[in-house]
Structure formats: structure tokens, C-alpha cells
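This report describes selected side-chain contacts, a strand pairing and a surface patch. The sequence and structure are shown first.

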Amino acid sequence: MWRPRVKSTVKIRDTPSSPFSFSTFKDIQNLCIEDHPSSPIKKSSSIFHRVRLATTFLRSLSLSLSEPEHNATPAHNKTTAPPLQEQPRLITIPGADKRIVVYYTSLRVVRSTFEDCKTVQSILRGFRVLIDERDLSMDSSFLNELNQIFSGGGNCGRKLTLPRVFIGGRYMGGAEEIRQLNESGELKKFIEGLPVVDSGVCDVCGGYRFILCGQCSGSHKLYIEKAGFKSCTACNENGLIRCPSCAV
């Protein structure tokens, strides 16, 4: 049988000085009293506040120093350097007063360059005028010729990009300049004085502007008795010569 439940007569002392009724929480109470929750927050907030103020000051100082230099640079360029569009048009090539000369490439190694060349060719062919298309991938002598034009006979110090367009012997620019001139209607004014030709594919070269050399049959090699094989001087490194029907 279970013993009957008896009420205990032992009284527990009241400890009004402590909010905790068990002595095991005494250490926790002391820790809470020592580490006041507001003190670290105030210290950290003051530190971060100073960092933010310093960062804001440094940024404003750097912006104030850079603005005068930025404003002074365009004024210096206006007084010393002429417009960019006027500089390249001073370049001319002799013997091209009645035609358009285009230096381009038919290789698709660089897609953007190939697309720019095709776009410029399509724009210029729409005017049905005499166009001398010089493919640098078919004849490396065009590259040397282009370097001499832009360097004035010396070594060209800058990298040339294609295409390069000359109208009436005067340099007009690359793909972007031709697009802008065509959209504004200025390109038609430059081409008005050039002779008109029939648009069509050449029957001799098929529009490639080159044919095989008749002396070496495109091998770029000639056999000479007592001397052996020598390079053909009538063609380029690819064994090609300019089409006599398209050459102007």
C-alpha cells in the first residue's frame, strides 16, 4: 500500500534581495550585473560611427580633388588638339581621284573585322561607282602600302584596323565613319563626282580581283637551268596577280 501524502512542515527562507530563488543561479546573476547590455553596444556603435564619418570624408575629399582635373582636361584638348574627324582626312593617296579605294580583308579570323568589311563594301557598292578593292589577305603588299600611307613613308607607330576607305584620293575613315556618313547623307555628296560603272561580276576573275599567274601557274616558283627553282617575280607570295579586267 502507498503511504498517505503528508504536507511538509519545513519552511523555506525568503530571499528578497535576489530575484532568483535558487543559489545555483547566483553566478549567472553576477555575470548579468557585471556585463551591462548597453555598454558594448555603445562602444561598438561609436567606433563604427567614427569609421563611417572618416570614410565619408575621404570620399568627398577625393571627389573634390578629381573634379577640377576632369574639368581642366577638356579645355586643354580644345586648345591644343584639333577635332578627330579632321585629322585623318588630311591623308591622301595619289592616282585615286576618280575612284574609291578600300583596304579590307576577306578572312574570317576576326569576326567583327570581317563583318565591318562586308558592311562597308555593301554600302559603297550600292552607289555603283568605280571601286578599287584591295584585299590584304590576298596580297601582303597592300599592307606595306597602307602602312606607308599612314606613316608618311616611315614605320607606322599605330595598329591599323580594317577597313580603310579613300574616296577621290582622300581618306574618309573606317567602318564607323562610313556608317555615319551614309546615315547622314554626307557620303552621297562625296561620291557624286565619281564616274558610274555597271554593277556586275567580272567574267575574268569572278569578283575575286585576282587570277593565277600565267608564268608559274600559281606556284610562285620557276625552274631555271643551272640555277634551279627561284621565286616568280611576276606574282605575289600566293601565286596571284591582279585581274587585268578589274585593275584600274
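The sections below treat salt bridges, aromatic contacts, a hairpin and a nonpolar patch in a predicted model.

A search of the whole structure finds 10 salt bridges. One of them joins arginine 242 to aspartate 132, with the closest N and O atoms 3.0 Å apart. Arginine 242 belongs to strand β8 (residues 240–242) and aspartate 132 to strand β2 (residues 131–135), so this pair ties together parts that are 110 residues apart in sequence. The two partners can be read against the 20% limit for burial. Aspartate 132 counts as buried because its relative accessible area is 3%, while arginine 242, at 28%, counts as partly exposed.

The pair belongs to a network of salt bridges that links Arg99, Asp132, Arg134, Glu145 and Arg242. Arginine 242 also lies over the face of an aromatic ring, that of phenylalanine 210, at 5.7 Å from the ring centre.

## Salt bridges within helices

In helix α3, arginine 111 and glutamate 115 are four residues apart, about one turn of the helix. Their side chains form a salt bridge in which the closest N and O atoms are 3.0 Å apart. Arginine 111 counts as exposed because its relative accessibility is 65%; glutamate 115, with a relative accessible area of 37%, is partly exposed.

Helix α6 (residues 186–191) holds both lysine 189 and glutamate 186, three residues apart, about one turn of the helix. These side chains meet in a salt bridge with an N to O distance of 3.6 Å. Lysine 189 has 54% relative accessibility and so counts as exposed, whereas glutamate 186, at 32%, is partly exposed.

## Aromatic pairs

Six aromatic pairs are found in a search of the whole structure. In one of them, the ring centres of phenylalanine 142 and phenylalanine 210 are 6.3 Å apart and the planes stand at 55°, so the pair is tilted. Phenylalanine 142 is in helix α4 (residues 141–151) and phenylalanine 210 in strand β5 (residues 210–212); the contact therefore ties together parts that are 68 residues apart in sequence. Phenylalanine 142 is buried, with a relative accessible area of 5%, and phenylalanine 210 counts as buried at 7%.

Phenylalanine 166 and tyrosine 171 make another tilted pair, 5.3 Å from centre to centre with 55° between the planes. Phenylalanine 166 has 0% relative accessibility and therefore counts as buried; tyrosine 171 counts as buried at 3%. Both residues are members of one aromatic cluster, formed by Tyr103, Phe150, Phe166 and Tyr171.

## The β6–β7 hairpin

Strand β6 (residues 221–224) pairs with strand β7 (residues 228–231) in the antiparallel sense, over four bridges. Across this pairing, leucine 222 stands opposite lysine 230 in β7. The two strands form a hairpin with three residues between them. Lysine 226, in the turn, has a positive phi of about 65°.

## A nonpolar surface patch

Leu107, Val109 and Val110 make a nonpolar surface patch of about 300 Å². Leucine 107 is located in the loop between β1 (100–104) and α3 (111–125). The relative accessible area of leucine 107 is 48%, so this residue is partly exposed.

Key. Residues are numbered from 1 along each chain as its sequence is written. This is a predicted model: local features need pLDDT of at least 70, side-chain atom pairs count only at pLDDT 80 or more; totals for chains, interfaces and linings use all residues. Side-chain values use heavy atoms; hydrogens and water are left out. Patches are made of residues with over 30% relative accessible area and no salt bridge: like charges are joined within 9 Å, nonpolar side chains (Val, Leu, Ile, Met, Phe, Trp, Tyr) within 5 Å. Accessible areas come from the Shrake-Rupley method with a 1.4 Å probe; for residues, only the protein chains shown count as cover. A salt bridge is a side-chain nitrogen of Lys or Arg within 4 Å of a carboxyl oxygen of Asp or Glu. Buried means under 20% relative accessible area, exposed over 50%, partly exposed in between (1.4 Å probe, protein chains only). Rings of Phe, Tyr and Trp (its six-membered ring) pair if their centres lie within 6.5 Å; planes under 30 degrees apart count as stacked, over 60 as edge-to-face and the rest as tilted. A charge sits over a ring if NZ of Lys or CZ of Arg is within 6 Å of the ring centre and within 35 degrees of the ring normal. Two strands pair if DSSP finds at least two bridges between them.
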